[in-house]
Amino acid sequence: MSTIPVYRWRLAPEGLATRRQLRARGLRPGGQDVAAQIERPRRRRGPLVAYLYSIEKAKPVREMTPAKWAALAKANAARRVCPECGRDAGYVIPPSLGACATCAYSNEQHAA
């Protein structure tokens, strides 16, 4: 097993990028292995680690197909439907509430 090079924060050589940096350029790692890693030291905990990929080996981001867009829209619509009353809340229901604000706070008042 070969070890990968480790660089300090902001000292990585040109031609390497993190996943986010690749995405900002419209690229993805495309199955390539990690080329290196950078470490950002922290005082009381272990360092933050980010993996770097070769920009040359990166592939373009895949386009969203109409079927993927439809599936995403359906999933987001499902997150708006209240499981208590079955109505579209008009916003994504927070997992902490588990129901639309009307149902969540009306149940809270009945419990008190």
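Predicted model: local features only at pLDDT ≥ 70, side-chain atom pairs only at ≥ 80, totals over all residues.
Residues are numbered from 1 along each chain as its sequence is written, and side-chain values use heavy atoms, with hydrogens and water left out.

Let's start with Gln32, which is found in the loop between strand S3 (27-28) and strand S4 (36-40); strands are DSSP runs of E with at least two residues, helices are runs of H or I with at least four, and both are numbered from the N terminus. Gln32 counts as buried because its relative accessible area is 15%, where buried means under 20%, exposed over 50% and partly exposed in between (1.4 Å probe, protein chains only). The side chain of Gln32 reaches the backbone oxygen of Pro29 at 3.2 Å. Leaving aside residues up to four places away in sequence, Gln32 touches Tyr53, Ser54, Lys57 and Ala58, with contact meaning heavy atoms within 4.5 Å.

Now for a residue on the outside. Arg10 lies in the loop between strand S1 (6-8) and strand S2 (16-17), and its relative accessible area of 74% is why it counts as exposed. Arg10 also has a positive phi of about 70 degrees, although it is not a glycine.

Next come the charged side chains. Arg40 lies over the face of Trp9, at 5.2 Å from the ring centre; a charge sits over a ring if NZ of Lys or CZ of Arg is within 6 Å of the ring centre and within 35 degrees of the ring normal. Side chains of opposite charge can pair when their charged atoms come close. The count comes to one salt bridge, defined as a side-chain nitrogen of Lys or Arg within 4 Å of a carboxyl oxygen of Asp or Glu. Asp88 and Arg80 form a salt bridge at 3.2 Å, N to O. Asp88 is partly exposed at 49% relative accessible area, and Arg80 is partly exposed at 30%.

Our last stop is Thr102, in helix H3 (residues 101-111). Thr102 counts as exposed because its relative accessibility is 55%. Thr102 and Cys82 are 20 residues apart in sequence and 9.7 Å apart in space, C-alpha to C-alpha.

Notes: Polar contact = N/O pair within 3.5 Å; in protein donor to acceptor, adjacent residues only side chain to side chain.
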